Amino acid sequence: MSGRKAFALILAGVLLGGCAAAAARPVVTDVRTGEHVGLTRLVLDVTEKVDFHTFTLADPYRVVVDLSQVDWRVAPGKGDRKGVISGLRFAQFDRRTSRVVIDVREPVKVRKAFLLPPRGKLAYRFVIDIAPVDEASFANSMGAPKKWVERAAKSSPPEPPRKSAVKRVVVLDPGHGGVDPGAIGVSGVQEKTVTLSAARELKKILERTGRYDVILTRNSDRFLRLRDRVAKAREAGAHLFVSVHADSIRRRGVRGASIYTLSEKASDAEAAALAAKENKADLLGGVPLEEVGDEVVEAILIDVAQRDTMNRSAGFANIALPELGKRVRTLRNGHRFAGFAVLKAPEVPSVLVEMGYLSNRRDERMLSTAKGRRPVLEALAKAIDRYFAEIDIAGVGG
Ligand code: ZN
């Protein structure tokens, strides 16, 4: 968003409003849309307080926002077509109401609508959060106008995450362990050792903030089945699961970090091969095949229950990759998808981080010391902070 531009428009609005004297109505001076984890947010800058209510309509899917009368002074084509929003229209509905119609691509629900009071250079901001829902819940909530009186009256900004009394539970999963060493580096460094040290260090960084309860799936050199790692995350009620790994590849020149989220369809052959390799960990531990089987049934269940979780996981990856990129080398298409067994907790957003390549001499050296690992881990800690901050602002729980 462009704060300066919004400010200029507000100034223009104020000046114009001044000329119109007593007849001045609140002016919508800017509109912005943004995609957050699992939802689309639309913000209207408005010069004064407005009343509002919202409702949804089908054929085609729309969200309607009725505001007390406002003047619309927004450049055409601003703020539309992001996330679920496919278009935006504005009209005077009657003598007391101005109407904003938000065209959406699929059934949605208004998660929240509220008015933020002026702050700094910003005027009032009307905020509406829209999230996809299934047909049934759409049908249930359709039509009935929702007044959002309480929220509007309170008009308090969303709680900053740092004041949140409830700690988030982050489960860190050091890859491999025990009989399963994972990848072996060019000079013999074992992945299972690197991942355990990294997870312990990341735990410390996160705990220092006072915002997280951090649990490790293993805190010693022992073998742990993939499904037990998933079970630990679920039992702990994890808000986020981060499996920590370091890759190896035949081409020794390849280096850099990457991040993986779950998908039944791999984004590319390399991601598929990596998932297959990581999923073999259970076999190395001598677990009979049938215990890691029923993939087909699992795939169907995942398709239904996990879409929201998968969106959130991808949301985290989209935050983490640029953070990693600021501090360390990352792969060119550093966010990839594949069917990792360890990422299959249906309700826990989960990612797998490959911190680098042990098959590369420089990456191996970097990942072998606490000092070398530090930039990667700080990037992840920063990403975790940002991920939960966005959830808090979006107000969708975590
Ligand atoms: Zn691994």
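Student: Is Asp30 buried or exposed?
Tutor: Asp30 counts as buried, at 1% relative accessibility. Buried means under 20% relative accessible area, exposed over 50%, partly exposed in between, with a 1.4 Å probe and protein chains only. The model is predicted: local features need pLDDT of at least 70, side-chain atom pairs count only at pLDDT 80 or more, and totals for chains, interfaces and linings use all residues. Residues are numbered from 1 along each chain as its sequence is written, and side-chain values use heavy atoms, leaving out hydrogens and water.

Student: What does the side chain of Asp30 meet in a salt bridge?
Tutor: Arg32, at 3.6 Å from N to O. A salt bridge here is a side-chain nitrogen of Lys or Arg within 4 Å of a carboxyl oxygen of Asp or Glu. Arg32 is buried too, with a relative accessible area of 11%.

Student: How many salt bridges by this rule?
Tutor: The count is 22.

Student: Which parts does the Arg234 and Glu347 pair tie together?
Tutor: Their closest N and O atoms are 3.0 Å apart. Arg234 lies in helix H5 (residues 226-235) and Glu347 in the loop between E14 and E15, so the pair links parts 113 residues apart in sequence. Helices (H or I, at least four residues) and strands (E, at least two) are DSSP runs, numbered from the N terminus.

Student: And where do Arg336 and Glu270 lie?
Tutor: Arg336 is in strand E14 and Glu270 in helix H6, so this pair ties together parts 66 residues apart in sequence. The N to O distance is 3.4 Å. Arg336 is buried at 6%, while Glu270 is partly exposed at 41%.

Student: New topic. What is the strand order in the open sheet of six strands?
Tutor: E11-E10-E12-E15-E13-E14, with mixed pairing. Two strands pair if DSSP finds at least two bridges between them.

Student: Which strands stand at the edges?
Tutor: E11 (212-216) and E14 (330-338). Each has a single partner strand, so one side of each is left without a neighbour in the sheet.
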